[in-house]
Number of protein chains: 2
Amino acid sequence: MAKETVTSTAVAKRAGVSQSAVSRVFTPGASVSKKTAEKVRKAAAELGYRPNRLARSLIKGQSRIIGLVVAYLENQFYPTVLEKLSQSLQKRGYHVLIFVTNIVQDDFDKILEEIMDYQIDGLIAASLPVSADVVQRYKVEGVPVVMFFNRFEADDTLCGVTADNFKGGRKVANFLAAGGHQRIAYLAGHEAAATQIDREAGFLAGLAEHQLTLYSRGVGGFDFQKAQEATRHMFDVETPPDALFAANDHMAFAAMDTIRFELGLRIPEDVSVVGYDDVPVASWPSYDLTTIHQPMEHIVDLTVEVLLGIIEDQKEPAGHISLDGPLVVRRSARIPDAFASSQDS
Amino acid sequence: MAKETVTSTAVAKRAGVSQSAVSRVFTPGASVSKKTAEKVRKAAAELGYRPNRLARSLIKGQSRIIGLVVAYLENQFYPTVLEKLSQSLQKRGYHVLIFVTNIVQDDFDKILEEIMDYQIDGLIAASLPVSADVVQRYKVEGVPVVMFFNRFEADDTLCGVTADNFKGGRKVANFLAAGGHQRIAYLAGHEAAATQIDREAGFLAGLAEHQLTLYSRGVGGFDFQKAQEATRHMFDVETPPDALFAANDHMAFAAMDTIRFELGLRIPEDVSVVGYDDVPVASWPSYDLTTIHQPMEHIVDLTVEVLLGIIEDQKEPAGHISLDGPLVVRRSARIPDAFASSQDS
């Protein structure tokens, strides 16, 4: 594994350019003519020169690596997010170093300590309970932390971009109330998850505004099988619910399959089902799910902008940015007249 | 962004342990008692000590970072793979640095050159056409490359773990032939993809063994909408196919939705549909898709084993490992008697 050292001076000499030109060629975003770049890349390839990003990171304090810590990727929503985030950062000359954690089993603080051992330029924490304490420790180390799809406490030292899950939950309540539903059930996600807590709070607030209360509540934990079991349980009563709001699309699909294929009820004639996220499968004809659209690309773009603003331009952290997503009306739920021509509440 | 330097000696002194104990605590996989680890972590936190993995990587030639270059993540199959791979490497003290590339638009060789600028310990290339040339260049740099879900040319300098897509395609042909189908159609993926090429070759070879030829062929490019269009086109004839093999599950779902909801045909009474991959959605009641299971976890484990064997134990690259996946019989296709009690061909 011994690595011979070829210096940038040797490359510059062979390419017939200055050493700073060689350096610029290997610095993402630096200005250099196409012709010079070609000459340098060719000379570098011939000599086996490799600019040492890590050595450079020790000198400049930049590794151009962004840490991403995610709770789990199984939810169909995250893969797309990860791809967009990787691409967006890559365009700006950064790459993503992934840390997968299990919020239920792992010692999350310990993982964040370990991540610090890597010389990352910044950290993005997705859907994880990051404390102000930890953010402060990272700040001391010069590593900005931006939350992503996270819930925020009212703490100005935290900075992040998220979807407004409370508002989304309330929109669903308005929609189901307008549809004249009387027995409205809720299928909860993992009880500790911020998305679950905020969506339910908004939903209940919305129902209350229409003098409605929850008819029944099950817990699916964002898991397909658990969501099916919870649905069976909620519908195994003399008068089953006439509407079900699932805290994410993944559980809505599970509920729909159980309602149609096991319980023999029709959707939306007997039961309206509404989800949350608007994952690609939601638009597939088998489900055609009415759901709240997450403005995912917008959230990704803003997260990258905020984080790189702090890293590159020493901007002040932007605080909390909360983005609203529209209700996408499809055919899994009864459509009230007021919504027939609209896609938003 | 200034970072104060706290040395491991200072941490050792405060914790009342040796400097080598401090070093072991921050070396993944190194042996250290829980009590010592706690004392060291506490002292390190109090002093704000952070072991510099990157500085260490320059000395030891190890960053404990594995590069992963993937073509695209939108296929529902990859997210799960990525999660398992991250977790498996994380257990061994490594983390994944992601490079997303678009095989159609990007200059793939250039991306591989750029990846070399990072001091990665190894590279995993997923479903990408990596040339022996590039692998050789990485070898010179001391960076082993392992392919993952890739197609191999007969070149012993390449090393990797893959699923046997040819065998899988042939299994589907055997299954459909045993079911007595006479008009068998094929829905192709992206024509340049190795998975597409090998699955189709195996499928055609299998049909030929039963004196069958393809009734019709459409191209869905692994895309939902394109798969729907191709299905419409193939079925818009006087005598439509009585069986369809889609090159992956994602396209099989699209085809099923089109066949049932647009064309009004029954599955499997009028048309049998078979997919490939066995993604989670395949087992959902709405699809209940017969498909070839990818031995994904096994492939991930072997890939990690092969790569870390080269990195940590200087093992010789293991060549090509090809894993076979079983046919999972569900209800989207007519079940021949011979398969009624079996899950494999």
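This is a predicted model: local features need pLDDT of at least 70, side-chain atom pairs count only at pLDDT 80 or more; totals for chains, interfaces and linings use all residues.
Strand 6 of chain B pairs in the parallel sense with strand 8, residues 243–246 of chain B, over four bridges. I184(B) stands opposite A243(B) in that strand. Strand 6 of chain B also pairs in the parallel sense with strand 7, residues 216–219 of chain B, again over four bridges. Here Y186(B) stands opposite R217(B).

Now turn to chain A. Its secondary structure comes to 12 helices and 12 strands. Of its 345 residues, 51% count as buried. Among contacts in chain A between residues at least 6 apart in sequence, 69% join residues at least 24 apart.

One sheet of chain A is open and has six strands. Their order is 7-6-8-9-10-12, and the pairing is mixed. Strand 7 (216–219) and strand 12 (327–328) of chain A stand at the edges. Each has a single partner strand, so one side of each is left without a neighbour in the sheet.

Helix 8 of chain A, residues 165–178, touches strand 6 (184–188), strand 8 (243–246), strand 9 (272–277), strand 10 and strand 12 of chain A. The direction of helix 8 makes about 165° with that of strand 9 of chain A. Helix 11 of chain A, residues 249–262, lies across strand 6, strand 8, strand 9 and strand 10 of chain A. Helix 11 runs at about 155° to strand 9 of chain A.

In chain B, the loop between helix 11 (249–262) and strand 9 (272–277) holds L265(B). Is L265(B) buried or partly exposed? It is partly exposed, because 16 other C-beta atoms lie within 10 Å, and a residue counts as buried only with 20 or more. Setting aside residues up to four places away in sequence, L265(B) touches I259(B), R260(B), D270(B) and V271(B).

Strand 2 of chain A, residues 95–100, is mostly covered, with six of its six residues buried. H95(A), L97(A) and F99(A) point one way from the strand. V96(A), I98(A) and V100(A) point the other way. Six bridges join strand 1 (residues 65–70) of chain A to strand 2 of chain A, and the two run parallel. V70(A) has V100(A) as its bridge partner in strand 2. Strand 2 of chain A is also joined by three bridges to strand 2 (residues 95–100) of chain B, and these two run antiparallel. I98(A) stands opposite V96(B) in that pairing.

The last stop is a pair of helices. Two packed helices are described by the angle between their axes and the distance between the axes. Helix 1 (residues 8–15) and helix 3 (residues 34–47) of chain A pack at an angle of about 120°, with their axes 9 Å apart. That angle makes helix 1 of chain A oblique to helix 3 of chain A. Their crossing is right-handed. From helix 1 of chain A, A10(A), V11(A), R14(A) and A15(A) take part in the contact. They meet K39(A), V40(A), A43(A), A44(A), E46(A) and L47(A) in helix 3 of chain A. The residues of this contact divide into seven nonpolar, no polar and three charged.

Chain B has a helix pair to set beside this one. Helix 1 (residues 8–15) and helix 3 (residues 34–47) of chain B pack at an angle of about 120°, with their axes 9 Å apart. Helix 1 of chain B passes helix 3 of chain B in a right-handed crossing. By class, their contact has seven nonpolar, no polar and three charged residues.

Technical notes
Residues are numbered from 1 along each chain as its sequence is written. Chains are lettered from A and ligands numbered from 1 in the order in which they are written. A residue is buried if 20 or more other C-beta atoms lie within 10 Å of its own, exposed if 12 or fewer, and partly exposed in between; C-beta atoms are placed from the backbone. Two residues are in contact if their C-beta atoms, placed from the backbone, lie within 7 Å. Two strands pair if DSSP finds at least two bridges between them. Axes are lines fitted to C-alpha atoms, for helices over the stretch in contact, and angles run from 0 to 180 degrees between N-to-C directions. Angles under 35 degrees count as roughly parallel, over 145 as roughly antiparallel, 65 to 115 as roughly perpendicular and the rest as oblique. A crossing is left-handed if the near helix is turned anticlockwise from the far one by less than a right angle, and right-handed if clockwise. Ala, Val, Leu, Ile, Met, Phe, Trp, Tyr, Cys and Pro count as nonpolar, Asp, Glu, Lys and Arg as charged, and the others, Gly among them, as polar.
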